[in-house]
Amino acid sequence: MVDSVSPRKISAEGQAAYQRGDYPAAAEQFRAAATAYEAVSDLLMAAEMRNNASVAFLQAGNASAALAEVDGTLEIFAAAGDLRRQAMAVGNQAAALQELKRVDEALAAYELSADLFQQAGEPELRLHALKAMSALQLESGRRLQALATMKSGLDDLKKPTLKERLLQRLLDIPFRMWNK
């Protein structure tokens, strides 16, 4: 039997708290929504709420809680064949790992996220994962890898924006020089 407060209502309260910038409250509301969805056996929505809680915890500066919250959701999305949400969950995991300074694990997770977005036919979301990966590579002194990663993401876009086209052209310069 469902409590008097529906999982959807709890989720909406979490969204409202997130919009206000009250990330700790949002995280707790999303956790409560996940528990409520689990109570009615809606595991996909429960996993979605756990990912929302992960993002809110990360915004609140609690990367450990963010990483713990996303745990187990990857498998739920994979079992359902939901590549898009699986890729997002891996991206959330990567962001938490990055904040925890677990660079190699974060890079591997960003790469997996980008691969899943590619399989899901989501080039814009893939680019987002690759941008985060490229920035982390740059931060950790892997400059050439960062350039190649960014170029790879931009090359896959069907309709790049003006800014993305300019960036593509800039990134082409070093690659043309190396190919001479």
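A word on terms: helices (H or I, at least four residues) and strands (E, at least two) are DSSP runs, numbered from the N terminus. The model is a predicted one, where local features need pLDDT of at least 70 and side-chain atom pairs count only at pLDDT 80 or more, while totals for chains, interfaces and linings use all residues. Residues are numbered from 1 along each chain as its sequence is written, and side-chain values use heavy atoms, with hydrogens and water left out.

Is Thr73 buried or exposed? Thr73 has a relative accessible area of 2%, so it counts as buried. Buried means under 20% relative accessible area, exposed means over 50%, and partly exposed is in between, with a 1.4 Å probe and protein chains only.

Next, the neighbours of Thr73. Leaving out residues up to four places away in sequence, Thr73 touches Ala47, Arg50, Asn51 and Ala89; contact here means heavy atoms within 4.5 Å. With Asn51 there is also a polar contact of 3.0 Å between the side chains. A polar contact is a pair of N or O atoms within 3.5 Å; within protein, one must be able to donate a hydrogen and the other to accept it, and residues adjacent in sequence count only if both atoms are side-chain atoms.

Which residues does Arg50 contact, leaving aside its neighbours within four places in sequence? They are Arg31, Ala34, Thr35, Glu38, Glu69 and Thr73. The side chains of Arg50 and Glu69 are joined by a polar contact of 2.6 Å.

Now the whole chain. The protein chain has ten helices and zero strands. Of its 180 residues, 40% are buried. If we take contacts between residues at least 6 apart in sequence, 48% of them join residues at least 24 apart.

On to the core. In soluble globular proteins, nonpolar side chains tend to be buried together. A nonpolar core is a set of buried Ala, Val, Leu, Ile, Met, Phe, Trp, Tyr and Cys residues joined through side-chain atoms within 4.5 Å. The largest one here has 39 residues, and Phe30, Met49, Phe57 and Tyr110 touch the most other members. At least two residues of this core come from each of α1 (7-20), α2 (23-39), α3, α4 (63-70), α5, α6, α7 and α8. Take Tyr110: not counting residues up to four places away in sequence, its contacts are Gly91, Ala94, Ala95, Gln98, Ala129, Ala132, Met133 and Leu136.

Then the largest pocket. How much space lies in it? About 390 Å³. For the method, on a 1 Å grid over the protein atoms alone, a pocket is an open set of points where a 1.4 Å probe fits, with protein on both sides within 12 Å along at least five of seven lines; lining residues have an atom within 4 Å of a point. Grid points are joined across faces, edges and corners, and the volume is the space filled by probe spheres set on the points.

The largest pocket is lined by 20 residues, and those closest to its centre are Val55, Met88, Gly91, Asn92 and His128. Elements giving two or more residues to the lining are α3 (43-59), α6 (83-99), α7 (103-119) and α8 (123-139). Of the elements, α6 gives the most, with eight residues. By class, the lining has eleven nonpolar, six polar and three charged residues. Ala, Val, Leu, Ile, Met, Phe, Trp, Tyr, Cys and Pro count as nonpolar, Asp, Glu, Lys and Arg as charged, and the others, Gly among them, as polar.

Asp115 is in helix α7 and is partly exposed at 34% relative accessible area. Between the C-alpha atoms of Asp115 and Leu130, 15 residues apart along the chain, the separation is 9.6 Å. Ser134 is in helix α8, and its relative accessibility is 7%, so Ser134 counts as buried. For Ser134 and Gln145, eleven residues apart along the chain, the C-alpha atoms are separated by 7.3 Å.

Last, two loop residues. Ser41 is in the loop between α2 and α3, and Lys101 is in the loop between α6 and α7. Phi of Ser41 is near 60°, a positive value in a residue other than glycine; for Lys101, also not a glycine, phi is positive and near 65°. Ser41 is exposed at 61% relative accessibility, and Lys101 is exposed with a relative accessible area of 65%.
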